[in-house]
Amino acid sequence: MNWLISLEQIADVHLPDVGGKGLALARMAAAGMNVPPALVLRAGAYREYVSVTGLRERILLELNRKSFEDMRWEEMWDAALRIRSMFLSTPIPDGMYEEISRGVAQAFPSVPTAVRSSALAEDAGGTSFAGLHESYVNVRGADSILEHIRLVWASLWSDGALLYRKELGLDVADSAMAVVIQEIVSGRASGVCFSRDPEDAGRAIVEAVHGLNQGLVDGTVEPDRWFLDRASRRVLSHHQPKRESAMRPSERGVELVPLSAGEAASPPVDERELALVLDQALRAEALFGGPQDVEWTVRGNALHLLQSRPITTGESADESKAWHLSLRRSFDNLKVLRQRVEGELIPALIEEGRTLAQIDLTGLDDASLAREIQRRESLARHWTDTYWEHFIPYAHGARLFGQVYNDAVRPEDPFEFIALLQTGDMESVKRNALLEQIADSIRQDPAIAKMIEQGAELPRPVQRMMSELAQLVSPTETHAGADTTRIARLALQASRVQPDRQGPGTPSRETLENRFLGSLPEDQRPWALELLDLARSSYRLRDDDNVYLGRVEAQVAAAIAEGRRRLAGRATRSADALSDADVASALLDPGFVPQAASASAPAPRVAVKPRQLTGQPAGPGVSTGPARVIRAHEDLFTVEAGDVLVCDAIDPNMTFVVPVCCAVVERRGGMLIHGAIIAREYGLPCVTGVPDATELIQTGDILTVDGFLGIVVVRRAD
Amino acid sequence: MLDSRQDAWRQLRALLQGQALAVLATSHEGHPYCSLIAFVVSDDLRTILFGTSRNTRKFANITSDPRVSVLIDSRGNTDADFHQACAATAVGREVKLPEAEYRALRGKYLERHPHLRDFVASPTFELVALRIETYYLVSRFQHVMELHLET
């Protein structure tokens with residue numbers, strides 16, 4: 001079989017086998033435009049590979065664990081990582097490997113190449129989705145090229161592609177991908193050209209950076225931007241950024257490097273080159289019959305065209321999808337974000353929670369309390385927005401590390417890297433350590449257990465620790481006495497759990513760190529350590545940001561609780577019937593009538609019960625115990641030693657009960673959510689992403705949580 | 001009903017109405033015995049009806065022990081079954097149906113399996129009715145729901 005095809009051999013009929021990018025390059029080459037030499041690995045090769053190796057059905061099994069509609073973006077990322085790991089551990093069959101290897105070695109004997117995706121639906125007609133599939137630059141030698149071909153294939157199932165599956169026409173059953181292997185042109189300046197400005201049909205836009213255009217594409221390097229007149233090729237305006245750095249080829253692909261003073265002072269290209277770029281873009285426009293988005297680079301005096309695809313407008317019409325795509329950050333981009341998050345945003349968020357807690361709500365009159373509720377709600381919204389805009393993208397640091405770790409180490413468990421990120425100094429772990437300290441006092445002195453059961457006065461040090469924990473667990477409680485009683489009960493349960501549990505046979509952090517560094521060439525280790533440090537900070541924040549945000553939200557809840565207390569005093573109204581949102585309105589207006597609740601659902605004709613529920617394996621291990629379903633904050637204090645915690649989503653105010661439990665089941669899915677993080681920290685089996693978990697499972701059901709397979713077996717006493 | 005519960009019910013109905021053949025498990029002195037059967041299901045999914053000659057082993061087994069299990073599945077004997085196929089295990093017992101209900105279901109049986117007309121007309125033919133108490137529905141490889149039919 002001829003898996004490889006050269007640009008000269010490609011004709012229009014090959015589109016379903018070479019993809020949009022492959023065909024576009026072939027047509028440009030045929031028209032005499034200056035495109036780098038390239039080979040295309042036909043989509044048939046992908047199909048053969050996934051069929052012969054059995055990967056096709058493994059991918060389908062992974063993607064059919066639950067319906068796409070029920071998947072959160074984090075779960076899509078997890079699924080994409082698992083699939084990527086399957087590709088990494090599945091070699092290309094021998095015959096095929098030899099043929100591709102021979103062809104590639106012949107075409108690119110010693111030159112560096114770019115290995116790019118050429119999806120069959122992408123770039124083909126009206127659709128264009130940049131950045132959903134992977135491309136790798138500066139890949140040398142046949143073995144490395146074949147390695148990267150598998151990574152490009154895997155990116156057919158990237159999280160972004162899964163998210164855009166409908167728009168891409170991604171058919172889970174038989175989608176395939178072609179791969180373009182292109183000689184890399186290491187230009188001194190690179191950029192993109194939009195042959196027609198979507199805002200003004202008479203103009204074109206050129207963006208340019210020094211070095212390679214990887215930095216421009218992912219937003220790490222801010223480009224110079226020109227508007228040009230399409231007819232006269234003349235420059236209409238020029239926006240100059242603060243030029244600081246450029247992407248250059250390096251051992252690990254590309255690297256952000258500071259510019260020399262000379263480069264920083266001058267635009268990457270001159271007016272003659274701009275006119276040349278526009279010229280070629282207009283040629284591409286004529287060739288393809290529509291406005292084009294052309295990637296180009298300049299080496300010496302020669303302009304090279306790297307790819308061309310149709311400009312589509314409104315591709316970010318769906319805001320949540322656009323946001324999701326913005327999560328894909330490069331290492332350099334994340335470093336910048338880290339400074340902002342750690343140096344500025346987190347300290348401000350902590351301060352916000354602290355300041356709010358100092359306000360005495362009981363001292364406010366009704367109108368001021370109503371305004372305080374509204375102010376706090378607005379603050380909480382602001383911080384929630386910040387959370388989505390900055391904290392979640394920063395969490396991508398842990399993901400980026402995971403990918404680098406998996407590429408280097410090729411572990412059997414694609415989430416092995418998480419153990420390397422845990423450092424034990426997360427806020428919630430500190431809080432749990434305090435509970436463990438109290439539990440330990442009870443274990444050492446059985447008399448304390450008796451005192452708790454009888455409600456007697458406790459020894460001063462124990463009492464002090466309990467007050468401290470009560471403050472940390474529910475900073476909103478006004479009746480501290482009642483709260484320490486609940487803490488005491490919980491500590492009693494915690495004392496019945498064996499201390500110092502660890503996951504079964506999890507390798508130590510040192511082992512994993514050595515394994516990771518040992519898999520990398522020596523000159524890449526300093527960079528790898530820097531990335532690990534960033535990933536640890538990103539991972540820690542994934543839990544801590546929730547704790548801090550939880551403190552602000554707790555202050556909203558405290559103000560609403562105070563409002564309810566006052567409303568309950570008004571004889572005419574039941575404060576319980578009011579939604580949180582209505583409390584402030586009711587405080588301001590005694591005649592306020594809340595909107596009626598919707599009618600209840602029709603009665604079932606058949607009793608449907610869960611028997612075995614599928615989720616994601618988020619913490620290894622197996623445990624059996626009675627379910628404790630958490631529907632309200634108070635339910636937390638009813639948890640008993642050995643219960644299986646079942647909840648919608650573990651929020652920061654809940655994690656303190658985790659050490660008392662024997663397993664965790666969560667409706668919300670993901671490997672890096674803090675429920676899964678805390679469960680792993682304590683070596684507890686954890687299954688996340690179980691749809692309707694808190695509705696289908698009842699407190700008292702006997703659950704067996706299989707954290708290896710990601711399933712929960714339910715036994716119910718009839 | 002919750003969405004996931006309604007989904008389970010819809011999925012079960014589609015499976016039972018879509019399949020023509022199923023595997024019947026009977027027992028003889030405590031030993032299980034499986035047979036392939038052509039079946040039809042009542043609209044409320046409570047009754048599964050299958051035809052047999054009265055001389056078969058399965059008929060003899062049911063006569064001495066009416067407890068049965070039936071497996072209905074949508075497998076196509078390809079790799080895709082692992083993510084695509086679903087299966088229902090029905091548990092119940094053989095019952096004698098009231099005449100009117102029997103007649104209606106017999107008509108339905110012939111409609112579903114018109115090519116079995118001669119078989120059904122044979123004097124040794126028996127249409128056996130199974131009253132199902134519980135279905136265990138397996139989908140997505142390992143997702144299992146129990147559907148208990150209220151009597």
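Across the interface of chain B and chain A, zero salt bridges are found, a salt bridge being a side-chain nitrogen of Lys or Arg within 4 Å of a carboxyl oxygen of Asp or Glu. The model is a predicted one, in which local features need pLDDT of at least 70 and side-chain atom pairs count only at pLDDT 80 or more, while totals for chains, interfaces and linings use all residues. Residues are numbered from 1 along each chain as its sequence is written, chains are lettered from A in the order in which they are written, and side-chain values use heavy atoms, with hydrogens and water left out.

The interface does hold eight residue pairs in polar contact, both residues at pLDDT 80 or more. A polar contact is a pair of N or O atoms within 3.5 Å; within protein, one must be able to donate a hydrogen and the other to accept it, and residues adjacent in sequence count only if both atoms are side-chain atoms.

The side of chain B that touches chain A draws two or more residues from each of helix 1, helix 3 and strand 7 of chain B. Helices (H or I, at least four residues) and strands (E, at least two) are DSSP runs, numbered from the N terminus.

| Element of chain B | Residues |
|---|---|
| Helix 1 | 3-18 |
| Helix 3 | 81-84 |
| Strand 7 | 143-149 |

Strand 7 of chain B gives the largest share of that side, seven residues. This strand also runs antiparallel to strand 14 (residues 606-614) of chain A, to which six bridges join it; two strands pair if DSSP finds at least two bridges between them.

In total, the contact (heavy atoms within 4.5 Å) takes 25 residues from chain A and 23 residues from chain B. The two chains bury about 2400 Å² between them, 55% of it on carbon and sulfur atoms; buried area is the accessible area (1.4 Å probe) lost on putting two parts together, summed over both.

Chain B itself has five helices and seven strands. Its C-alpha trace spans about 45 × 35 × 30 Å along the principal axes.

Over all chains, the structure holds 48 salt bridges. One of them joins Glu207(A) and Arg225(A), whose closest N and O atoms are 2.9 Å apart.
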